[in-house]
Amino acid sequence: MERQQTQQLVEQATALCRNKNATLLYLTIFGSRLYGTDMQGKSDIDVRGIFLPYLEHAAPGELPHSLHWSSGDNERRNCAGDVDIDLWSAQHWLLKLLPAGDTGATDLLFSPSNKACTLYRDPRLDAVFAHPERLYDTINCRAYADYSLRQAKKYGIKGSRLGALRTVYQWLRHNWPEPAHAMRLRDVLADLATQCGDHRYCVRQELDGQPALHLCGKIHMGNIRLREFVSRVTADMEKYGDRVIAAEQNQGVDFKALSHALRACDQMEELYATGKISFPLATREQLKSVKRGEIPWLELEKIIIKRLAETDAAREQAKYVSRYDADFAREQIASCYAALG
């Protein structure tokens, strides 16, 4: 980034803080430019940072949590070159977001690793950035994996509610496209449960001594005609699964969101293996390939499922374990205020 643009961003963030009775502590280019996954001519400029609110200008319990400025407006989505500046208070970042495992807050904690993106850094945060292992919790941290799964669930990934419905729908289309009039759900229930079973969303049950299928929150008794069951599942897919059906044909897929899903897995595994996240990411070229839509959804789904399993395994066998230190966090905030004189 050119020196003039860097200076303008720092001046804008400084003015934003000054207008809200605060001082700027840290500012960095964030998002795809930090990760190394930005696409030339297509990425806006996402800036994040930390501010310290002046206590004497705030009522008790009313310290501002965040500040925002944008070069765009609410009438349109950001375009390439648009700038968003989002700042968190040191208190909100260190005492609320980081112990909760917030992914953006954790990324910010490791953002100085990409020195080219750092726009401004007050020495008062040096101890924070020097000891990130004291500000996150690997024992309970699943935020990255949860974020990844949320991005993929909308397309009916296996292990999700919509994924279970999709699996049954596909199984019926393949095995019973035109079931005989006399066939009942109970006639195929054992095979269906074996091949499509999901302990949360697709389970064979016994109700009042009769076999039944619990599918995505609905009960289907085994004595209904199979044609009726096929009709019900098809109707649900048409109602809820239009995005899933389109994704199977590689249409309407948000590949940018799915690249974020894989990025989250990459970062989580690095954190468990090394105790840190290094930006730009080593996997940035693969992530850009996903972002460009070069991998079809049906293939990408298998990759994401595999990576989620690997991330869970990495968490269970983490080489690096850390615990959030609340006392350390409070000490850093106190030292920031002490330095004000």
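Asp-198 sits in the loop that runs between α8 and β6 (202-207), where helices (H or I, at least four residues) and strands (E, at least two) are DSSP runs numbered from the N terminus. This is a predicted model, in which local features need pLDDT of at least 70 and side-chain atom pairs count only at pLDDT 80 or more, while totals for chains, interfaces and linings use all residues. Residues are numbered from 1 along each chain as its sequence is written, and side-chain values use heavy atoms, with hydrogens and water left out.

Is Asp-198 buried or exposed? Its relative accessibility is 13%, so Asp-198 counts as buried; buried means under 20% relative accessible area, exposed over 50%, and partly exposed in between (1.4 Å probe, protein chains only). The side chain of Asp-198 reaches the backbone nitrogen of Tyr-201 at 3.2 Å. That is a polar contact, meaning a pair of N or O atoms within 3.5 Å; within protein, one must be able to donate a hydrogen and the other to accept it, and residues adjacent in sequence count only if both atoms are side-chain atoms. Setting aside residues up to four places away in sequence, Asp-198 touches Gly-159 and Val-203, with contact taken as heavy atoms within 4.5 Å.

Another loop aspartate is worth a look. Asp-122 lies between β5 (118-121) and α5 (126-130), and at 8% relative accessibility it counts as buried. Its side chain reaches the backbone nitrogen of Arg-124 at 2.8 Å. Beyond its neighbours within four places in sequence, Asp-122 is in contact with Leu-24 and Leu-25.

Now for the cysteines. How many disulfides does a search of the whole structure find? It finds 0, a disulfide being a pair of cysteine sulfur atoms within 2.5 Å. For Cys-117, the nearest cysteine sulfur is that of Cys-17, 19 Å away. Cys-117 has 7% relative accessibility, so it counts as buried. Cys-196 is in no disulfide either, and its nearest cysteine sulfur, that of Cys-202, is 5.9 Å away. Cys-196 is also buried, with a relative accessible area of 4%.

Next stop is helix α9 (residues 226-240). Its 15 residues should span 21 Å at 1.5 Å a residue, and the end C-alpha atoms are 21 Å apart, which agrees; the expected span is 1.5 Å times one less than the number of residues. The buried residues of α9 are Leu-226, Phe-229, Val-230, Val-233, Asp-236 and Met-237. Seen down the axis, they fall within an arc of 130°, so they line one face of the helix; the arc is that of the directions from the helix axis to the C-beta atoms. They pack against α7 (161-175), α8 (189-196), β7 (210-215), β8 (218-221) and α10 (242-248).

Zooming out, the chain has 14 helices and 8 strands, and its C-alpha atoms fill a box of roughly 85 × 45 × 40 Å along the principal axes. Of the 341 residues, 47% are buried. Among contacts between residues at least 6 apart in sequence, 72% join residues at least 24 apart.
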